[in-house]
Amino acid sequence: MKHTFPALPLARRYAALPPRFYTAVPSTPLPEPQLVVFNTALADELNLASDAVAQAALTDFLAGNSALAGYPQLASVYSGHQFGVWAGQLGDGRALLVAEIDTPTGIRELQLKGAGFTPYSRMGDGRAVLRSSIREYLASEAMHALGIPTTRALALVASPQPVWRETRETAAVVTRVAASFLRFGHFEHFYYRGEFDAVAELADFAIAHYYPECAAADQPYLALLDGVIERTAELIARWQAVGFCHGVMNSDNMSLLGLTLDYGPYGFIDGFDAHHICNHSDETGRYAYDQQPAIALWNLHCYAQTLLKLITKEEALDALRRFQPLFEDAFAEQLRGKLGLLAWQEDDWTLFTDLLALMQAAHTDWTIFWRQLARQHEDATLRDLFLDRDAFDAWLLRYRARLANEDRPHGERIAAMNAVNPRIVLRNHLAETAIRAAEAGDYTALHRLASALSRPFDDAPEYDDYAALPPDWASQLSVSCSS
Ligand code: AMP
Ligand code: MG
């Protein structure tokens, strides 16, 4: 039996923590809510009814216009390092935890992003604009379909309510879903206030619910740090492989569960540039594509610091030293798949970095190249993606020799490569086109794009336009922290 609002199978896990971790605050009503997108596939996974009647019944709740009788609305408190600088208290300034529900795959938290003022709103208005909400919705589900750990998006509710950013925009609310929205910043908050008992309580909470294997370890807190390091290394390897740039890798945007979290000025790389900066506000390129692994490690140092009353500094540093090899192994595994190899060999790093240099020089389209590489044996146009075609031909000969080593049938290799090298990613211009239409009241493009992104590895001819090279205007697009 599917559950229908308001009869949801509620749980209290985060809400059972003591009040020092959050503030109960009601959502601010949103006028004339319109359920623009509802993720029926995710609803099914959560065992929620997803038919039209169920959706209508949910709309007010997802807009923040009604609350569940059996669950409070909570804004959690966290701090963090932003752009390398301690920023002090931040917290859920516009997101509210509105339910924890029991699902076939475990307890899931439902969070409304853009649900109004909280005690942590600081200078903000507690709202999110339609533009950024569409970007969050699409990216969450695109990443999920790509097999990359992420928070999910269940719904997008729009409203005519004006919201001021650089210009007048309108408000929207995204329903985010995750096992937990815990961030490195939650731990930092209490550590820097000297409330070490709260750090221990959060660590115990995290171990009990998200890292249960750590409970049996000799040193559970050290095992927790190891676990967070492992999941983060795996996550960043997947980002790098697909060409995803987060844009704002502040420690408050780093998930304790190793999920991609807080989609703002993110971007998928079009033409390859290792130094690509997707966030217009990131003037120094702190969060550039090639910086992401090092920044993840920097953030992990911030996280490890918060555990220093529970583990020793030497233990923390030893654990952190494992990040680089873990990342390299995870990245090699990604590259093995992308190159269609059966096993990774040490020499393959050279094969890869030589390719990267050619791609850098030509700004070769990251997604198209990898997808097309699968058919290199019968595709004479692959070399056209490069400036120095002779150099690419030479590289291709080395690659073919490498493939010949493994004696894998073409058909099998192509299928394996097509299962890991997506044909469609959420390029900025695709999101932008859907946003412009949505802002004019037409959601058709948004729905069509969401469908295409849910099956990024398919050779679906009806989505050929999404798989094409970006138009010239795409390179002029800029996205910033304003959302
Ligand atoms: P972000 O840059 O989105 O990761 O947000 C950093 C901090 O600013 C978090 O504490 C957010 O809750 C808060 N914040 C961002 N935008 C708003 C807004 N419009 N209203 C209130 N708080 C916001
Ligand atoms: Mg954030």
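Ala, Val, Leu, Ile, Met, Phe, Trp, Tyr, Cys and Pro count as nonpolar, Asp, Glu, Lys and Arg as charged, and the others, Gly among them, as polar. Keep that in mind for these exercises on a predicted model.

**Exercise 1.** Find out how the shell around ligand 1 divides into nonpolar, polar and charged residues.

*Solution.* Start with the residues that come nearest: of the 16 around ligand 1, these are Gly91, Gly93, Arg122, Asp125 and Gly126. Next, sort the shell by class, which gives 2 nonpolar, 7 polar and 7 charged residues.

**Exercise 2.** Work out which atoms pair up with ligand 1, and how much of the ligand the protein covers.

*Solution.* Begin with the oxygen atoms of the ligand: a backbone N or O atom of Gly93 lies 2.8 Å from one, and a polar side-chain atom of Arg122 is 2.8 Å from an oxygen atom as well. Then take nitrogen: a side-chain N or O atom of Asp125 is 3.0 Å from a nitrogen atom of ligand 1. Finally, the protein covers 81% of the 480 Å² of accessible area that ligand 1 has on its own. Ligand 1 takes up the space of the largest pocket.

How values were computed
Residues numbered from 1 in each chain as written. Chains lettered and ligands numbered in written order. Predicted model: local features only at pLDDT ≥ 70, side-chain atom pairs only at ≥ 80, totals over all residues. Heavy atoms only, no water. Near = heavy atom within 4 Å. Polar contact = N/O pair within 3.5 Å; in protein donor to acceptor, adjacent residues only side chain to side chain. Areas by Shrake-Rupley, 256 points an atom, 1.4 Å probe, with all protein chains shown as cover. 1 Å grid on protein atoms, 1.4 Å probe; cavity = no way out; pocket = protein on both sides within 12 Å on 5 of 7 lines; lining within 4 Å. Sits in = over half its atoms within 2 Å of the grid points.
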